[in-house]
Amino acid sequence: MSSTATKPPGSQLSDALARDRLGVAAIVFFMMSAAAPLTVVAGVVPTGLAVTGLTGIAIAFLAVALVLAIFSVGYVAMARHIANAGAFYAYISQGLGRPVGVGASWVALLSYNMFQVASYGGFGAIAQPLFLDWFGVDLQWWIIALVAWAMVAVLGVRDVAVNGKVLATLLIAEIVVTLVFAFAEIFSDGFEASTAAVDPGTLVGAGSGALLVMAVTGFVGFEQSVVFSEESRDPRRTVPRATYIAIALIAVVYAFASWAMISAAGDDVVARATEEGPELFFNLAAVQLGDVALHLGHILFLTSLVAAMISFHNIISRYMFSLGREGVIPRTFGRTVPGTGAPKNGSLAQSALGLIVIVAYAVFEWDPLVQLFFWGGTGGGLGVLLLVTLTSFAVIGYFARNPQGEDVLHRIIAPVISSVLLLVMTYLAIDNIAGLLGVEPGSTPAIVVPASFFVLMAGGIIWALILRGSRPQVYAGIGLGARATTTTGGFAAALNETDQPR
Amino acid sequence: MASPPQLPPADDLYLTAHDTIRGKSLLSPATLGLGLGAALLGELMLWRRVDLVETELIIIDERPTGDAATTAVLEQLRREAGQHGVRNWLAYLSTGIATDLVERRLARAGLIKRVEKRGLLSTKVSFVPADSMTAGWPATRIRTKVSRDEHLDVADLLLAGLILATGLDQHVLATLNARDRAGLFDQFRRLFPVMLQQLVAHAEAAVGDAVMARRA
């Protein structure tokens, strides 16, 4: 596989393959489409202010960016050495053992699904007043969410990815709008540069864990860069560069925009966030910018949520495809529609879950913004934080056994630093879970959210141990993904059949 | 009525992967290319020109095969010998090269016909099977032999393996019952040379990879 790096002049094969390879910009765009800037800045941040009452979010974005950048040093290094580099559980399987890997794969599925269904709640809740304003129709949030769900379900089964150019245009427009609005807020009347938003003291104070998880939520998607290790122009440079650029870009935009918003809202920012919700970011800038900009901002806010829901849907269906090929979940998920390559069964399963969640929230009249969008988003953020932490340790474990080809910085120094920092973050996050969700400590959501991750982790470990005893071929292929020849696609399964008990 | 002749595996796979009447592909271009690329490499192994050792393709005999498609691939393998693993060769052949070679071979043999469709802006070239009975024969042959418990020869095992690897089995082997499938799988293990087993497994892994990287 190392032959991509050696390019003798005049090699037809290398030239032909190089034409299809991705550059830094393409990978950055892909990563950021899941991160959805406006969704975070206008959606997660004000909701988070209202729910937690904490204002140190800007510094939290910067701190998390730093930790994730340090983590990425070892992460992208390990990506060069292993197959199936797109999935955390592949790293964890090879660094900490297959049982923990299977547990992590289940945690990852739950986390990504939490993000995905969260976007339905956000879309419904945010679109409802806008549709009333624009078209004069007063729809229930869940009707709007179901329309979005139907669109995602159809696109998912047909595997229609949103066109890369459309996505890139929307993303750039989103970032521009975010920055323009943030600048407008700086020049608004009530603006007073907030020190609370950037006070490093908040990172060690009460509620710091909640802030950190909210910030992690904003970065989810950054881990997808390594999916393209094999597809990139130069695996040693393109993927690391894209990863660092995306993390830095996200950090700067988010930190700046949330600082501007909190500063412009003044001392009663928490009260205003509670009252105005996701409108806060737009209201603060509206005075300066006028209606046209406001409408444009709202439209992009909605498209940003749609991009995120499609993006997470596709990530989940491919995750299930990969696990199905390995035989870790039923093999039927490892099948695709031959004509399109769409991982159809994973997509259908995700859509079924989305439908159940939307209907349940509608029937029980739970709040779509706080209890679905914010809880789902931050719950998923907590899950990703757990996965990143485990992966960081896995990088150390892997390079302890396979030190070839990487220097001490990539193998040991950076992974050890990031592991320690991430472990502290994880502790704070779990310690602060009630504050994050805005509920009483010890109440049901504060127990269910973290417990579900640990139950899935334990379940995955047990399942892996069962596989080790009953289906050693499947066990051996855990973490190798769809790419490895030992895994259970249709043909490989045929070869392996004898090794399984009948 | 006499059965149509058995074609080289890549030709059989091409016919199996296309609608027997309109010639529409049942596979995405990337998956079709990976399957046909593996089929051409497999043909070179059957010609005893190339061996697959671990992940490397080793040329054991440089002489042309007497067939233009495989000779063209052999020539490229020879020119860049030892520089790329089998997965890179599959990726390369899947960029349209394998499909093109196989289409030309089938067109020369008169088994598919070139059709030009004039659109508003451009002319679209496609291929349709000359005879839908012949085009449907490879899949029928595999199905019939498997359900009669007859042995497939190595070329047909290669074809059947690539049908599974590309996911075409959902179209053409869907009617096999569990016992037939088990019988086919048993033939793969007992009668299919290990080198070809590995080639097909690499093709299958490449197909999965294409799905993960959103290329399929």
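Modeller: This is a predicted model. Start with the chain as a whole. Among contacts in chain A between residues at least 6 apart in sequence, 81% join residues at least 24 apart. The secondary structure of chain A consists of 20 helices and zero strands.

Now the pair. Two packed helices are described by the angle between their axes and the distance between the axes. Take helix 4 of chain A, residues 57-79, and helix 16 of chain A, residues 408-431. Their axes lie 8 Å apart, and the packing angle is about 135 degrees. That angle makes helix 4 of chain A oblique to helix 16 of chain A. The crossing of these two helices is left-handed.

Which residues make the contact? Helix 4 of chain A brings V67(A), I70(A), F71(A), V73(A), G74(A) and A77(A). Helix 16 of chain A brings L409(A), H410(A), A414(A), P415(A), I417(A), S418(A), L421(A), L422(A) and M425(A). By type, the residues of this contact divide into 12 nonpolar, three polar and no charged.

Step back to the overall form. Of the 502 residues in chain A, 61% are buried. The C-alpha atoms of chain A fill a box of roughly 70 × 50 × 50 Å along the principal axes.

Key
Residues numbered from 1 in each chain as written. Chains lettered and ligands numbered in written order. Predicted model: local features only at pLDDT ≥ 70, side-chain atom pairs only at ≥ 80, totals over all residues. Axes fitted to C-alpha atoms, helices over the stretch in contact; angles between N-to-C directions. Helix = DSSP H or I, 4+ residues; strand = E, 2+ residues; numbered from the N terminus. Parallel < 35°, antiparallel > 145°, perpendicular 65-115°, else oblique. Left-handed = near helix turned anticlockwise from the far one by under 90°. Contact = placed C-beta atoms within 7 Å. Nonpolar A, V, L, I, M, F, W, Y, C, P; charged D, E, K, R; others polar. Buried ≥ 20, exposed ≤ 12 C-beta atoms within 10 Å, placed from the backbone.
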